[in-house]
Amino acid sequence: MKRLIVANWKMHSGPSQASILVTKLAAAIAPDPDTTVVLCPPSLDLFALAADAQKGQFKLGAQNLYFEDEGAFTGEISGPMLQGLADYVIVGHSERRRLFGEDDALVAKKVVAAIRNQLIPILCIGENLTQRESHLAEKVVVDQLSAAVHGLGPEDLARLVVAYEPVWALSTTVNGRPATPSDVEPMMKLITTTLAGRYGADVAADVRLLYGGSVNDEDARAYLALPDVDGLLVGGASLIAEKFARIVEAAQSL
Ligand code: PGA
């Protein structure tokens, strides 16, 4: 089974630090055709990292894009600008939704823009603590997912990656506690069932599902062992080369 391990560096490391980190990662991680490793540094670093990433056979991803291809959108980065620099792009991360006001409609347009520009969207969905405690987790996940894939046809789904990231389990959240594999598994099934209801089971089976939320080198294997999990989206632990290398090793050893 092919695994996908994605590093989300968030707003850490400028081009020179990022280059040092990639060199360390390339030394620590043995390339494996069955495990794709995607590094998502700040967009500013992508150009500098293109050659370094090749050494470690890493793929590169952006952390965000705007849905228009060009125009008067100060501070934004578009799909065409990322072409040739990144293969993947994170869309709808909870920090973008929570801190920068991205709503489901905007996320849906970004998913379409990513596909239109031959980028693989890593769509992030997940409920927050209040929603979970109010027993709304399933509804939130289904609503976010349904809204985000609104503009996609069945032919687009093979390129889609969905990351279930419960906001309450992210290391950036003050009240964070890890989600257990038994919290995660039913949500993964729910994602597949929701996609199957819309596109059919065969098409839904092609969508790769990631878990993300405070994953570290000690618990990575437990999430990866879940039958519906194809990989991981790793934040904090992806900035420490030794830890991230052990997470990738866990995926390679399964
Ligand atoms: P974390 O971040 O692993 O630090 O919780 C994951 C993410 O926000 O994508």
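How many residues surround the ligand, and which are the closest? Let's start there, everyone, and keep in mind that what you see above is a predicted model.

The ligand has 13 residues around it, and the closest are Lys10, His93, Glu165, Ser171 and Ser214.

Now for the polar side chains and the ligand's oxygen atoms. Serine 171 has a side-chain N or O atom 2.4 Å from an oxygen atom of the ligand. For histidine 93, a polar side-chain atom sits 2.7 Å from a ligand oxygen. With asparagine 8, the distance from a side-chain N or O atom to an oxygen atom of the ligand is 3.4 Å. As for the surface of the ligand, on its own it would expose 280 Å², and the protein buries 99% of that.

Let me turn to a single residue, asparagine 64. You'll find asparagine 64 in the loop that runs between β3, residues 59-62, and α3, residues 79-82. Is asparagine 64 buried or exposed? Its relative accessible area is 14%, and buried means under 20%, so asparagine 64 counts as buried.

Who are its partners? Leaving aside residues up to four places away in sequence, asparagine 64 touches Glu76, Leu82, Val89, Ile90, Arg96, Glu102 and Lys110. One of these, lysine 110, also makes a polar contact with asparagine 64, side chain to side chain, at 2.8 Å.

Note on methods:
Residues numbered from 1 in each chain as written. Predicted model: local features only at pLDDT ≥ 70, side-chain atom pairs only at ≥ 80, totals over all residues. Heavy atoms only, no water. Helix = DSSP H or I, 4+ residues; strand = E, 2+ residues; numbered from the N terminus. Buried < 20%, exposed > 50% of the residue type's maximum accessible area, 1.4 Å probe, protein only. Polar contact = N/O pair within 3.5 Å; in protein donor to acceptor, adjacent residues only side chain to side chain. Contact = heavy atoms within 4.5 Å. Near = heavy atom within 4 Å. Areas by Shrake-Rupley, 256 points an atom, 1.4 Å probe, with all protein chains shown as cover.
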